[in-house]
Amino acid sequence: MTTATATADAPLTPAATRPLYVTSAGVVSSAGHGLAALAGLLRRGAGPAEEPSGEGAAAYPPRPVRAVEGFDVKAHLGRKGTKYLDRLTSFGLVACKEAIEGMNPAEVAGDRTGVVLATNTGSVSSHSGLLYDTLTLDKPYLVNPGQFPNTVMNCAAGQVAIRNGLRGLNATVAGGQSASLLAFRHARLALTLDRADRLLVGGAEELSAPAAWAWHRTGVLKGEAALGEGCAVFTVQQGAPADDSDVLAELLACEVRFTPDARDYADGLAHVVTRALDRSGIRPQEVAVVSLGAAHHRGLERIEERGVRTALGGGGLPRTVRVADVLGETYSASGAMQLAALLALWQAEPPAGRTTALVTSVGRDGNAAAMVVRSPLR
Amino acid sequence: MAELSAAPRRRVVITGLGAVSPVGIGADVFAAAVRAGVDGTAPIQSFDASGFPRRRAGEVTDFEPTDHLKRLDPAAWGRSGLLAAAAARLAVADAEIDEEQLERGRAGAIMGTTSGESAVVQELAEQWVAGGLESLDGGLAGQTPAARIANAVSAELRLHGETQTIPTACSASNYALGYAYDLVRSGEADVMLAGGADAVNRLTHAGFYALGAMAEDLPRPFAADRTGILTGEGGAVLLLETLEGARARGARVYAEILGYAANCDAAHMVHPDATSIAACIRAAHRNAGVEPEQIDYICAHGTGTPTNDTTEVAAAREVFGTRIPPISSIKSMLGHTMGAASGFGAIACCKALEQDFLPPTANVTEADPVLGEGVDCVPGTGREARLDIVQNHGFAFGGNNVITILGRVS
């Protein structure tokens, strides 16, 4: 902890947190489907990112993308009810389907299973396309009513509930770059207060020409940085499952913070890392790996590394994982992809002993978040 | 929903209200207008609505960000964030809480929204149409994330605590209120600003029209001749703290948050479901530890579409039987302020508890007989009444229902 942040916050003695258990995962990314595909890509490294290709490619800015190639929602969900689904919602549905298939069927349905999904804009292709119509149609009120519900940001969470009969808590969370970690934080509080028994928690993002141009124009990413897309979700519950082998990871504390002054962003991140470790009962030197979120962001990349180093004792960083190197920038989904990367690597190369990792995120908007994750007992 | 775990929880109260609304700015102005049944809708000014058959909305035409904000540069933030930050400023002033206490303490902001920074996105779409995607303004593009609504509040007030935007559409403010309540109650935060914001915009106007959900002239919730909504906008923010903290600083307490519940219909994206809403009402009562006969008033979701009002009354009937409490819709005055709607509902509830009145359903003389016996929608203007426990509804696309229960603290 630094003196700057120590004085900015009232003294507190935060309660220790109990672990939450990740019992299944669903991942749709440019690596393919599932954790194994992601592990493969992380271990061999991604090839050079592609220029946008296929229909609509000409509309993209001159910037590489890492798209989910050949994605066809009907191949996963069947034809029924898929006509108006947008790409972001489709990623969400397919990822959640995989996560639900990994759950105990007796636990899936009902009032006590819910969804917490991160997005900052919802489906940009849906709302920008419809908005374009309202500005160019002779009769702007004749927009397609079947597509209008796709423009609300909770569309994906609502569709996941509908498809899977999940009548419990259903939240959509925005928090800039840290949105997915805010979703885990949200889920932790809800589970701790018994507002649900288990939650599908994660984040989703889709590529589109308007969103790519928006990113490109803001200039916040380095020139060679690719834009990515996809969805990662995890089944998270409070009690340990009966069978240890059902645990993919334990989630310890997830702490978040807002920093109003950009000059204090590194301190803000250091503060949440320290608090997350304290509440998890983990010493800084026990952190074996850090899954970083700000890779390829001008300025922020170094702020994140500085904040983590400060919190871990000022020396070098432990082993790092930068999932954006292989998936590109997945923004609202980035924190979920960072967690997916850890789980994927642990599955592919089970650690000799229990390993403690840190997932961190810092945004250009003042949000910072840190989550402590522990590999399962094997 | 299962009972809460045994750990002691703190009592959470509302001590500050901030309203930037189509019927006025400031909680007292808002309350007086609501009580009088004032129509806050007018011909649309914020975008060119000439191509639409219906051109009326509830806009905040007298909103000047610099009247309220001390830190944010209005050019660097979207309208939704500015509405939220201004409402938060008003809530802090209303609570008479020390700003430095907020900066130093564990205080944060949870804001709901339906369409995020829709006015920003609309301007970008206009640039796209005029000059192609390559002409998008980078600074403006950076203002699009919905997260910036809660960020605007925390940046304006220099808060360091949890800052989260909850875009669960039209129940989002209630969701934000519930989540902020959980943060304070569990000791994760000491003070929270919770509510929501949305801006009138072209896409929402077009979409509700295309769905056949837009009123021909005015919203007339619960009336036989109701034809739908008018879109609205605003910022609605409430300041939450512990009862202990409020008493220690001698604060005026509007209400205690007794509990809330959130569920999902999991049935249809846009059609509400009476059984699911009834389940949400029952869960909220259980969570708050109250019985149906203790509820003195329901601040309805009350959009004024034929389907919503029928479904909402049917759900209430499932829970309350023949004795449905007075149930009214302030959307009759504000229009449907989307992500801010249940925040304005909560503010109306707080003022109703403080000033002893039932908020009315304006533009209405009697409830639709088809809704059945005993539906008191408080037609016309507000009515004097002593209230102790009230219930605030928020429903949304995606089937997201959230109900908060507020009670008088004696």
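Analyst: In this predicted model, 41 residues of domain 1 of chain A are in contact with 51 residues of domain 2 of chain A. The domain assignment behind these names gives domain 1 of chain A two pieces, 3–13 and 249–374, and gives domain 2 of chain A the span 20–237. Between the C-alpha centres of domain 1 and domain 2 of chain A the distance is 22 Å. On the domain 1 side of this contact in chain A, the elements that contribute two or more residues are β9 (249–258), α12 (324–327), α13 (334–348), β12 (356–362) and β13 (367–374). The largest share of that side is supplied by α13(A), with 12 residues. Sorted by class, the side of domain 1 of chain A that touches domain 2 of chain A holds 23 nonpolar, 12 polar and 6 charged residues.

The average pLDDT of chain A is 93, and 96% of its residues score at least 70. Over residues 1–13 of chain A, however, the pLDDT is below 50, and this stretch has 20 contacts in the model beyond near neighbours in sequence. The piece 3–13 belongs to domain 1 of chain A in the domain assignment.

V116(A) has its place in strand β4 (residues 113–118) of chain A, and V116(A) counts as buried because 28 other C-beta atoms lie within 10 Å, where 20 or more are needed. Leaving aside neighbours within four places in sequence, V116(A) is in contact with A171(A), V173(A), A183(A), H186(A), A187(A), L199(A) and V201(A). M337(A) is 221 residues away from V116(A) in sequence, while their C-alpha atoms are 15 Å apart in space.

The chain as a whole gives the setting for these details. Chain A contains 13 helices and 13 strands, and buried residues make up 60% of its 378 residues. Among contacts in chain A between residues at least 6 apart in sequence, 81% join residues at least 24 apart. The C-alpha trace of chain A spans about 60 × 50 × 40 Å along its principal axes.

For chain B, an unreviewed UniProt entry places the feature "domain: Ketosynthase family 3 (KS3)" at residues 9–408. In the model, the end C-alpha atoms of residues 9–408 of chain B lie 19 Å apart, and the span is 35% helix and 19% strand.

There remains the contact between the chains, which takes 73 residues from chain B and 67 residues from chain A. On the side of chain B that touches chain A, the elements giving two or more residues include α4 (118–131), α6 (148–157), α7 and α8 (202–210) of chain B. By class, this side of chain B has 36 nonpolar, 26 polar and 11 charged residues. α8(B) is mostly covered, with 9 of its 9 residues buried, among them R202(B), H205(B), F208(B) and Y209(B). The cover over the buried residues of α8(B) includes α6 (124–136) of chain A, together with β4 (56–57) and α4 of chain B. Just after α8(B), G212(B) takes a positive phi of about 75°.

Notes: Residues are numbered from 1 along each chain as its sequence is written. Chains are lettered from A and ligands numbered from 1 in the order in which they are written. This is a predicted model: local features need pLDDT of at least 70, side-chain atom pairs count only at pLDDT 80 or more; totals for chains, interfaces and linings use all residues. pLDDT is the predictor's confidence in each residue, from 0 to 100. Two residues are in contact if their C-beta atoms, placed from the backbone, lie within 7 Å. UniProt positions are given in the numbering used here, feature names are shortened, and annotations may be inferred rather than shown by experiment. Helices (H or I, at least four residues) and strands (E, at least two) are DSSP runs, numbered from the N terminus. Ala, Val, Leu, Ile, Met, Phe, Trp, Tyr, Cys and Pro count as nonpolar, Asp, Glu, Lys and Arg as charged, and the others, Gly among them, as polar. A residue is buried if 20 or more other C-beta atoms lie within 10 Å of its own, exposed if 12 or fewer, and partly exposed in between; C-beta atoms are placed from the backbone. Domain bounds come from an automatic or database domain assignment.
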